[in-house]
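This report describes a helix pair and a set of charged side-chain contacts. Please keep the sequence and the structure in view while reading.

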Amino acid sequence: MYYDVLFIISAVMLAFYALIWKRKYSVYFTLIFLLIPLAIRGYVLQANAEILNQAITGIKLCYIGGPFLLLFIMFAIFDLCNLNSKKWLRIVFLFTSTIMYLPILTIGSGTIFYKDIKLEFINGEPNLIKTYGPVHKFYFIFIIVYLVITISVTAYSLKKKKDVSKKNLIILLCCEFITAFLFFATRIFHTKFELAPVAYIVSEFVFLIIIRRLSLYDISETAIDTFAKNSNTGFISFDNHFNYLASNKLAKEVFPSLEDLRTDSNAAKNPLLNFVVISKIKAFNEDNTKNYYHKKVDDKIYQVNITYLYEGKRKRGYLLYIQDDTKDQKYISLLNDFNGKLKDEVAEKTKNIVKMHDNLILGMATMVESRDNSTGGHIKRTSDVVGILIDEITKDTSEDKLELSPEFCHNLIKAAPMHDLGKIAVDDAILRKPGRFTDEEFEIMKTHASEGARIVHEILKETDDYNFHILAENVAHYHHERWDGSGYPEGLKGEAIPLEARIMAIADVYDALVSKRVYKESMSFEQADKIIMEGFGKHFDKQLEKYYVAARTRMEKYYAEKDATL
């Protein structure tokens, strides 16, 4: 009855293990729970043997506990302690255990493990009389080695491993000492019944306690179980070919078409699902950043996240999980409305500030111009001519066209009025002289370019628009440079002259030619055109010639209209 009870207990524990089994459990746990009832069954056969062969069969089953059960327990403890032993090492241990078990199979037919074995009956109970062979003593050495390794690994993990439960390790260590004691107690104290089966039952009980907690330590498994049972989270899964696998209640509420799908049917063939689900998965396949979207159902807004469905390391399909995002989306919508209004208000204020800033600069330029000996309007006319030239440049569709960004065009037109700001630093006696300058006076007059660059720099140094700052400074500084290097103030040549200054130079010279000054009459369009055309390649950039030619008629019309209003 002793062995029968132990066998029943082991079978019940096996059944309980089967009920709680999860795929992520180590295979060694399964082997342990399968082999323990088998080994205890061997003791039952011995205890009830009527003939020697039945007893020998029972002995062979009992000895499974030594080479294999202890081996699998040792491997299971390796896994529990997160010690990834090498595959080749486990193969060596398994091979050694198999070699150790082979002599046991010779019991009854050979003499290397048992020299002799007899079955006697004392008071009706079977009694085995064994004479041990030369290999038998190695069996116990083998058992001791496994027990020492197992206890050492557990003790090491208890001291060094922080990623393993201390409570579990203490329970394991106690179990190992109890198992070791029970395993050898029968031989030491010559007990009537074998205590090794009790050691197996203790091991089963301890492993059941520990593996019940294993899932709690696996964050991926607990998180999935929690999400799956949460009524606020929906799940839909498809295989790689968009065949429908499964979904939960919330998913079917968000996508009612799922109710019409049968497991393994192709969701892409359902027009509605193909549009609202499968098309999103295909977009995700092409661009992994498109891994979520929103779906509105009645007064709720759900966020649908798309990810890959894995089985181990294999990508087996797609998983969509759905969460109620109504509160956040309404908050974001409210925030966007507020931000939109705020942005509009800021844009309007900024526009007013920029306009005021531009008017201030234009006012300064006009003030400077009022000190000059021109008839006035020079800065306005040159700005308009620059606009005409830029318009012709941007309309060009030829292969060798000059590429200008919208930002560059806007900034150049805006900066054009600032090109002569440096004249504020020139003495009135020179600036307002009615005749031509002497060489000395002209040298002083030429300083207005460098002074203009300095003044523009000071005016714009705090602006956030760095590109406009540099362009305006270049226009003021270099608009008197010449393509052949004979200009001032730096004597720059060719493309070393900034493009904005090269365009400004054409507008500045053209206006000076066709406008009346106190020291000269206005020049005819034909005369001015001849001088400008002769200047390309010398004074002006040759590549700008075609744009001047294209703009010439518009420029003449512009000045003719200006003259008519005077």
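Aspartate 400 and lysine 546 are joined through their side chains in a salt bridge, with an N to O distance of 3.1 Å; the term stands for a side-chain nitrogen of Lys or Arg within 4 Å of a carboxyl oxygen of Asp or Glu. The pair links distant parts of the chain, 146 residues apart, since aspartate 400 sits in the loop between H13 and helix H14 (406–415) and lysine 546 belongs to helix H20 (residues 545–565). Helices here are DSSP runs (H or I, at least four residues), numbered from the N terminus. Aspartate 400 counts as exposed at 56% relative accessibility, whereas lysine 546, at 34%, counts as partly exposed; the classes are buried under 20% relative accessible area, exposed over 50% and partly exposed in between, with a 1.4 Å probe and protein chains only.

The model is a predicted one, in which local features need pLDDT of at least 70 and side-chain atom pairs count only at pLDDT 80 or more, while totals for chains, interfaces and linings use all residues. Residues are numbered from 1 along each chain as its sequence is written, and side-chain values use heavy atoms, with hydrogens and water left out.

## Other salt bridges

Over the whole structure, a search finds 18 salt bridges. One of them pairs aspartate 79 with arginine 90, the closest N and O atoms being 3.0 Å apart; aspartate 79 lies in helix H4 (residues 69–80) and arginine 90 in helix H5 (residues 87–101), eleven residues apart. Aspartate 79 is partly exposed, with a relative accessible area of 28%, but arginine 90 is buried, at 12%.

Glutamate 403 and lysine 401 also meet in a salt bridge, at 3.7 Å from N to O; glutamate 403 is exposed at 59% relative accessibility, and lysine 401 is partly exposed at 35%.

## The crossing of H13 and H18

The axes of helix H13 (residues 378–395) and helix H18 (residues 499–514) come within 9 Å and cross at roughly 130°, where axes are lines fitted to C-alpha atoms over the stretch in contact and angles run from 0 to 180 degrees between N-to-C directions. The two helices are therefore oblique to each other, a class left for angles that are not under 35 degrees (roughly parallel), over 145 (roughly antiparallel) or 65 to 115 (roughly perpendicular).
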